Each structure stands twice: as structure tokens, then as C-alpha cells.
Amino acid sequence: YMALARAGHYKEALDLVRGSVPLPRILGRICHRPCEGNCVRSDYDEPVSINGVKRFVAERETKEEFEAYLATLRDAAAEARKVNGKRVAVIGSGPAGLTGAYFLAREGYPVTVFEAAPVAGGMLRVGIPDYRLPPEILEREIAYIERTGVEIQLDTPIGSERTLAGLFEEGYQAVYL
């Protein structure tokens, strides 16, 4: 994706990033860049700003490109669900839960995320100040994951009233914690 971005092929670079990172706008803003310490480019001048490039290509995406990408992704996930159909419950809508839900949906699993809080995002929502991660960026990324077919149920804690065993009784074949 770095070569694509350098060549000005921003949409293609972003498509490649999304193959492994479902939250590029967030990652580009909050990552503390541990990989830069090992970047061999620093032997010549400065390490490559990997997260900066992710943020750059993600923020260049137009609304029309975003909608077209979602339509393609949603259609592919719907086709995969026809074959798969095994339901998966995801506990928590923090970065790990959202990422797991995204990749499971892409593989055709009907996914429901159970979030105990009244808002989705986990520590992305409550642990990162707005100046580092504006709420509208977080909302857009969460909406993007929901539009891949992921259902997020808020105010739904898993614990004493609704249990892990109960999720299996409800027909979920797997639970992602």
C-alpha cells in the first residue's frame, strides 16, 4: 500500500489496507508507532510513517468511494453468509471486538456484538480524548463495520443475566471474547 500511495493510487492503497486493518482512520490517529523503531529506513534518514500514510489514504476517500466499497463488501459478505450461516457472538465493541466482528462478517458469519455500555467503541470511546480521536471519526468507522452486516446490541452485558452458555443456547456456534 505504501507504493500505491506513493504512486497516487490512494483508493487502491486503502483497499489493500482494509484487507488487514478495518479501522484505518483510527489507527492513523492513535497508534504510537512501535514499528518505526525497527524500520530499516531509519538507517538512511527517517523511519517510514506507516500510520500517517494509512490516515492519509483513508481521509482522501470520498463519500462515493466509501459507499461503493461498502456495497461491494456487503454483497460479498451476504453471498458468503448463504454458504456459511454459522452465527458468532462477539463480546465487547472495543477495537478487538470490532476487528473480530469485521473479519468474521467478511468471511460470511452472521455476527452480533454484545456491548454492556450504552455506546459502542470501548476504550476507543472512553479512553482516548476527543482531540486525538474525534467522535465523528469513531462513529464513521463503527458505522462502516455495521454496514458490513455486523449487528451491535448496546446495553447488553454478558454476565449473570445473559450468560455465555445462554448464547450457545440461543444458537450461536462460537463466542469471540
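# Notebook: a walk through the predicted model

I note here that the model is predicted. Read from the N terminus, the elements go α-α-α-α-α-β-α-β-α-α-β-α-β. I looked up the extent too: along the principal axes, the C-alpha atoms fill a box of roughly 60 × 35 × 30 Å. Of the 177 residues in the protein, 36% are buried.

**Confidence**

The mean pLDDT of the protein is 89, with 97% of its residues at 70 or more. Strand 1 has the highest confidence, at 97, and helix 5 (residues 63-83) the lowest, at a mean of 73. I will keep that in mind for the helix 5 entry below.

For my own reference, strands of a sheet pair through backbone hydrogen bonds, either parallel or antiparallel.

I then went through the pairings of strand 2 one by one. Strand 1 (residues 88-91) and strand 2 run parallel and are joined by 4 bridges. To get from strand 1 to strand 2, the chain passes through helix 6 (residues 95-106), and this β-α-β crossover is right-handed. Two bridge partners I wrote down: Val90 goes with Val113 of strand 2, and Ile91 with Phe114 of strand 2. Strand 2 also runs parallel to strand 3 (residues 151-153), with 3 bridges between them. There, Thr112 has Glu151 of strand 3 as its bridge partner.

Are the faces of strand 2 covered or open? Both faces of strand 2 (residues 111-114) are covered. Val111 and Val113 are buried on one side, and Thr112 and Phe114 are buried on the other.

**Helix 4**

Which residues of helix 4 are buried? In helix 4 (residues 50-60), I found Asn51, Val53, Lys54, Val57 and Ala58 buried. These residues lie on the same side of helix 4, because they cover an arc of only 160° around the axis. What do they pack against? The partners of the buried residues in helix 4 are helix 1 (2-6), helix 2 (10-18) and helix 3 (24-30).

**Leu73**

My last stop was Leu73, which sits in helix 5. Is Leu73 buried or exposed? Its relative accessibility is 10%, so Leu73 counts as buried, the cut-off being under 20%. I set aside its neighbours within four places in sequence and listed the other contacts of Leu73: Tyr102, Arg106, Tyr144 and Thr148. I also took the C-alpha to C-alpha distance from Leu73 to Ala105, which is 9.4 Å, with the two residues 32 apart in sequence.

Technical notes
Residues are numbered from 1 along each chain as its sequence is written. This is a predicted model: local features need pLDDT of at least 70, side-chain atom pairs count only at pLDDT 80 or more; totals for chains, interfaces and linings use all residues. Side-chain values use heavy atoms; hydrogens and water are left out. Buried means under 20% relative accessible area, exposed over 50%, partly exposed in between (1.4 Å probe, protein chains only). The arc is that of the directions from the helix axis to the C-beta atoms. Contact means heavy atoms within 4.5 Å. Two strands pair if DSSP finds at least two bridges between them. A crossover is right-handed if, with the strands pointing away from the viewer, the path from the first strand over the helix to the second runs clockwise. pLDDT is the predictor's confidence in each residue, from 0 to 100.
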